[in-house]
Number of protein chains: 4
Amino acid sequence: MEERSMNMMMPEDSAELRALYEAFKTNHLNPLWTQIGDLMPQHPKPRAKAHVWKWSELYPLAQQSGELVPVGRGGERRAIGLANPGLGGEAYISPTLWCAIQYLGPKETAPEHRHSQNAFRFVVEGEGVWTVVNGDPVRMSRGDFLLTPGWNFHGHHNETDQPMAWIDGLDIPFSYQNDVGFFEFGSDRVTDYATPDYSRGERLWCHPGLRPLSGLENTVSSPIGAYRWEYTDRALTEQLLLEEEGQPATFGQGHAGVRYINPTTGGDVMPTIRAEFHRLREGVETATRREVGSTVFQVFEGRGAVVMNGERKTLEKGDIFVIPSWVAWSLEAETQFDLFRFSDAPIMERLNFNRTLVEDADA
Amino acid sequence: MEERSMNMMMPEDSAELRALYEAFKTNHLNPLWTQIGDLMPQHPKPRAKAHVWKWSELYPLAQQSGELVPVGRGGERRAIGLANPGLGGEAYISPTLWCAIQYLGPKETAPEHRHSQNAFRFVVEGEGVWTVVNGDPVRMSRGDFLLTPGWNFHGHHNETDQPMAWIDGLDIPFSYQNDVGFFEFGSDRVTDYATPDYSRGERLWCHPGLRPLSGLENTVSSPIGAYRWEYTDRALTEQLLLEEEGQPATFGQGHAGVRYINPTTGGDVMPTIRAEFHRLREGVETATRREVGSTVFQVFEGRGAVVMNGERKTLEKGDIFVIPSWVAWSLEAETQFDLFRFSDAPIMERLNFNRTLVEDADA
Amino acid sequence: MEERSMNMMMPEDSAELRALYEAFKTNHLNPLWTQIGDLMPQHPKPRAKAHVWKWSELYPLAQQSGELVPVGRGGERRAIGLANPGLGGEAYISPTLWCAIQYLGPKETAPEHRHSQNAFRFVVEGEGVWTVVNGDPVRMSRGDFLLTPGWNFHGHHNETDQPMAWIDGLDIPFSYQNDVGFFEFGSDRVTDYATPDYSRGERLWCHPGLRPLSGLENTVSSPIGAYRWEYTDRALTEQLLLEEEGQPATFGQGHAGVRYINPTTGGDVMPTIRAEFHRLREGVETATRREVGSTVFQVFEGRGAVVMNGERKTLEKGDIFVIPSWVAWSLEAETQFDLFRFSDAPIMERLNFNRTLVEDADA
Amino acid sequence: MEERSMNMMMPEDSAELRALYEAFKTNHLNPLWTQIGDLMPQHPKPRAKAHVWKWSELYPLAQQSGELVPVGRGGERRAIGLANPGLGGEAYISPTLWCAIQYLGPKETAPEHRHSQNAFRFVVEGEGVWTVVNGDPVRMSRGDFLLTPGWNFHGHHNETDQPMAWIDGLDIPFSYQNDVGFFEFGSDRVTDYATPDYSRGERLWCHPGLRPLSGLENTVSSPIGAYRWEYTDRALTEQLLLEEEGQPATFGQGHAGVRYINPTTGGDVMPTIRAEFHRLREGVETATRREVGSTVFQVFEGRGAVVMNGERKTLEKGDIFVIPSWVAWSLEAETQFDLFRFSDAPIMERLNFNRTLVEDADA
């Protein structure tokens, strides 16, 4: 792309010009010609930075919060947001996405509320918490991906004598920036302390290729409260086995992947957030990609690295990293490498801003 | 609805009138006014009849065919179509649908071909046959629902020393009537005699709430080759358990049901055919319904009855019955009662002809 | 395509075989293997014939009907259906479509009714009739395309001292064959004898690129009652002018065309019927095409010919011809050649049976 | 809605707590519990203010810019953005939308470029400029609404000896905030200085109810470059006439309105921006509404007032006002009152954040 080298619209300084610019201010105006290069760059130039948070640093801080800060009404959640270094300290991992580590001590309850913001949880380790979504208790265990779509009441409680931590993902920055959020308090406790193995949503909806006759209306978000690790793992395992059998099944050579979907439509689980799980065979390096929109990964298992804008960062279990819009990135697997991923891709696709550039083929 | 009692358009007989009507014929014309009552009735008045075929009569005839008629190229399939008594002997179970019992002897192969017509199979008993769909071998076992969407090559082979029979469902009458069908021969044998427990399509697609990243393009028909009885049974069982727990889960009181879907869209498995499975608790009687379009049931397990146009027919395992358009029908369960169902509902819905009338509430 | 030359499934005649076939009949069964070549041909082999009806023969017969047959309740319409020579005398121009010439004498009224069947009218000559659709009077004039989607009440009345004739198009054969039709009588007169130049539907909806805020819900069929010749003619004229200016605008070289659409969706005007208008420059010959589904043309102006299955028929104003499924066809323009077209393409597309083969490029 | 009155998550100050909060900062973390009330309010609490800009002040400043600032490459456009008083001086009329007055002197040319951002122009007065969109020259005249969807090259030139001003609307703030923008320079001049009355897009697409056969693929944005005032005015006039005739046609009593649409889909003209035109009869007061998302109006003709959050502002020709998310608003018409409106409603609807509250009925 050619660089902007000229600007015919920079008149010489003069009293009249200064008066005009002053009048702009007084009248709540601001000219395009002095700022177009910043406002409308030749390609996305995010203020957000590519960044890695180490689980080995996150978890102890969450633990200390558990000791110092009680959980309850008002603050609502013991959740610590990952604040992108480029975004001025705000708890935004990207301009659109929120990612936090949430921590619940033994026997604690996080009270019920609901909000327009779409939310999910992903569990990298631990068990013993149930999240209650519109009265349906949902077990949370390692590898599970759990949904709380906008405007569903939800609270959490820990049944055990051990603390538990997980990550939350929401569209809080997008909602805040665009003034779309509503919020309502619910019960100070959760409405059902039962601890079933499977939620009612799963029992109705988690039968492959089947849809209950009582649920023929499509829903904006998925009716499935928990996407169990057992299924995710099996799907990835089968893809790699099929690849070994010479069948088309993987996303790239040695690179298996699934997208979590709303079974009523086959589309994304929520209107603003996409979630996927990726597995790389040991030794695999992915192609370098650029995508419009921001994406977040958490390492679930294994060791490897991410290269973002040419900079290589090693990764291990629990580490979280964000790739801002149009940043070049690729992954490398030192061992078999399992990663959970979420992004704002549904926003980009529904508004037709999505673009992808694959810079080189898979190694 | 008022009855047609008058006809202002019946002029007195005259030489001129007879000459006019003769000229119509000569010129390939036919007036509306003499036939509108038949052509455009006040509600659907199907020529097709409500009818029950007994499995106890069907199966022995299929068996005899197995002894007398070899299977192979040309005739292609040892399939015996159920011919609706109202449709003049044609092998049409309804104006849109074909239903046949197909029979494959020990070690036999039905050769490969493909056609525009959409097809499925449902297995009421037996095992040991694999259907090979576009090269993917799919095991057929009791309770399984198996797909062969239009224009996929497919053949069948029996691996065992026992014969096996199942039912085929297709849109042959619709395709024939509307001149949409193409047909192509494939291999005289099946292209892969492997006998895996699970087909490649299942291994890629049968993980609840998950979609492979290699399959993000929506497909016209479902990529799942086999919908296993294990899942269907579990889904129905869970619905009835949830109902016992006081949760909304069933289609009607004591009436569980699932629809087989295309996981890429959440919609019907094929563009012209809907398939469902229904389970009634012992003693349940459904509401009486009328629907536009024709539907076929096969009893999978249990005893009960169907009432069609006021006439009650007892039913047992394997029995097949057809309900033509707008015929009033209800089901009664003497024992727990399991039924497979298929219909032309996608045609009716996609063309906006669908209507349903529920005449009385569930007992 | 290879021809079927063998049939392994033709066992030698025997008493047992005859008994089996007899038992099939008794039990309302019919084997596939004796008839598959007919039921499932290698490509569509329609019973319907390609055929041309001459306006010069149709119109006088309609006129005689006007003298001999009164119009009114019961027969409902003085409409004479074009009966495809291949379809046994039924008033079906194709397996899916009905086409009739309708004739209304001076001051006559055709009473109101409604039906599930979708209907339109096209006016090749004349004026003076208003069709009243759900109480909205719609003027009918030369070149206008007028809609009566399923389940809208409608009647017609002739305000003048001159008779008027036009063609009706409906999905009667499809509806009859598939048992989807409902019918209800309305007023014996039309409910509004006003004779406005423009109907209310047009006044709300016929502003290009605009949609009334009172009409933001999409509708199954178009809310436009009349597509005026003035607009159609202008659209075609502009396409040919743009082509002369070197711009991409026409369907083929010298071949302009428009599709009538539902402005709420941009799609077809009704769920089962597509309508288009084509204009060929003098001397143009179109490519030869085959399409799945049946199509009907009426010459609106000019002289030319159609070649169907290699047979050439000359055409002039008012002539109507039908092209059954998969019949090869092309058009030739002796003068500038204007043709109205309708087809069952929405059925084929919505059910994914559509295919097109262009056999040679435009001359 | 209940107010947040308690906060169990405010532990007493301590050295450990301060150390924890310090460690959060060091590790790019930020807790939810200290800020949830701001981040997730009970209803949208926009920083953007409801505000009115007077045309009588805007136009002279644009004129002075015309004298002092040349137009050309680099700055690209002599456009002065309306900067919402609540958004810190940024040239954002709302968090999602940009609105500017653009001014082009006699014989001037604004050079060609293209960008991902979606743009339109609306002309409240004047004429003589052509905007050239992907090589198609489009006349700009009073009352016209003109499109430049994302990634279409466009430049403007003034053919006359008079200056001309209009307003631009874009999704610049949304694109900037979410890092989706690409930009490319084109010709330093416009590629076609022809001055036709109607653009090629209009000649192909502005025929009501018709679609060219050369344009059967749906497009993300409308193919219509100019929505002419003549059509808009006529549509509004007809709605009010129909209302007088007792027909349902208007949006509210005495309140006519149209939405500008993409004729290929019936939906909004561009993926992020909705545009409408409203006409109130003299004396009409609309209901008070709250909507999620931000909206901008410009008075086209007449006098009246807007009430926003209870504050009444009088309005006259050219005045522009913005209504941030969930601000209560209503309009009052002193004379017949014509207003152009645009908003980010497609963003809200596509992401399922849309909500509307009508607080009282139309007077």
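Guide: A salt bridge is a side-chain nitrogen of Lys or Arg within 4 Å of a carboxyl oxygen of Asp or Glu. Residues are numbered from 1 along each chain as its sequence is written, and chains are lettered from A and ligands numbered from 1 in the order in which they are written. This is a predicted model, in which local features need pLDDT of at least 70, side-chain atom pairs count only at pLDDT 80 or more, and totals for chains, interfaces and linings use all residues; side-chain values use heavy atoms, with hydrogens and water left out.

Visitor: How many salt bridges are there between chain D and chain A?

Guide: The contact (heavy atoms within 4.5 Å) takes 96 residues from chain D and 96 residues from chain A. Between chain D and chain A, the number of salt bridges is 0.

Visitor: What rotation superposes chain D on chain A?

Guide: With 0.0 Å of shift along its axis and an RMSD of 0.0 Å, chain D is brought onto chain A by a rotation of 180°. The two copies are therefore related as by a two-fold rotation axis. In chain D, the C-alpha nearest that axis belongs to D:Arg350, at 3.1 Å. 

Visitor: What percentage of the contact residues of chain D recur in chain A?

Guide: The same surface serves both copies. Of the contact residues of chain D, the share that recurs in chain A is 100%.

Visitor: How much area do chain D and chain A bury between them?

Guide: Buried area is the accessible area (1.4 Å probe) that two parts lose on being put together, summed over both. D:Asp179, D:Phe182 and D:Phe353 supply 8% of what chain D buries against chain A, more than any other three residues. Carbon and sulfur atoms account for 67% of the total that chain D and chain A bury, which is about 8700 Å².

Visitor: Which strand of chain D is joined to strand β1 of chain A?

Guide: Strands (E, at least two residues) are DSSP runs, numbered from the N terminus, and two of them pair if DSSP finds at least two bridges between them. A:Leu29 has D:Leu82 as its bridge partner. Running antiparallel and joined by 3 bridges, the partner of β1 (residues 29-31) of chain A is β3 (residues 79-82) of chain D.

Visitor: Which are the edge strands of the open sheet of 7 strands?

Guide: The order in this sheet is β1(A)-β3(D)-β4(D)-β11(D)-β6(D)-β9(D)-β14(D), with antiparallel pairing. At one end, β9 (residues 145-148) and β14 of chain D are joined by 2 bridges, and D:Phe145 stands opposite D:Tyr227. Pairing on one side only, the edge strands are β1 of chain A and β14 (226-227) of chain D.

Visitor: How many salt bridges are found across the interface of chain B and chain A?

Guide: This contact takes 40 residues from each of chain B and chain A, which bury about 3500 Å² between them. On its side, chain B loses the most area at B:Arg203, B:Pro208 and B:Leu213, together 21%. One salt bridge joins the side chains of B:Glu245 and A:Arg203 (3.0 Å, N to O). Across the interface of chain B and chain A, the number of salt bridges is 4.

Visitor: Which residue of β15(B) stands opposite A:Arg211?

Guide: Strand β13 (residues 210-212) of chain A is joined to β15(B) by 3 bridges, and the two run antiparallel. Opposite A:Arg211 stands B:Arg259.

Visitor: How far apart are the nearest C-alpha atoms of chain A and chain C?

Guide: Chain B and chain D do not touch, with their nearest C-alpha atoms 18 Å apart. Chain A and chain C do not touch either, and the distance between their nearest C-alpha atoms is 18 Å.

Note on methods. Copies are superposed by least squares on the C-alpha atoms of residues with pLDDT of at least 70 in both. Helices (H or I, at least four residues) and strands (E, at least two) are DSSP runs, numbered from the N terminus.
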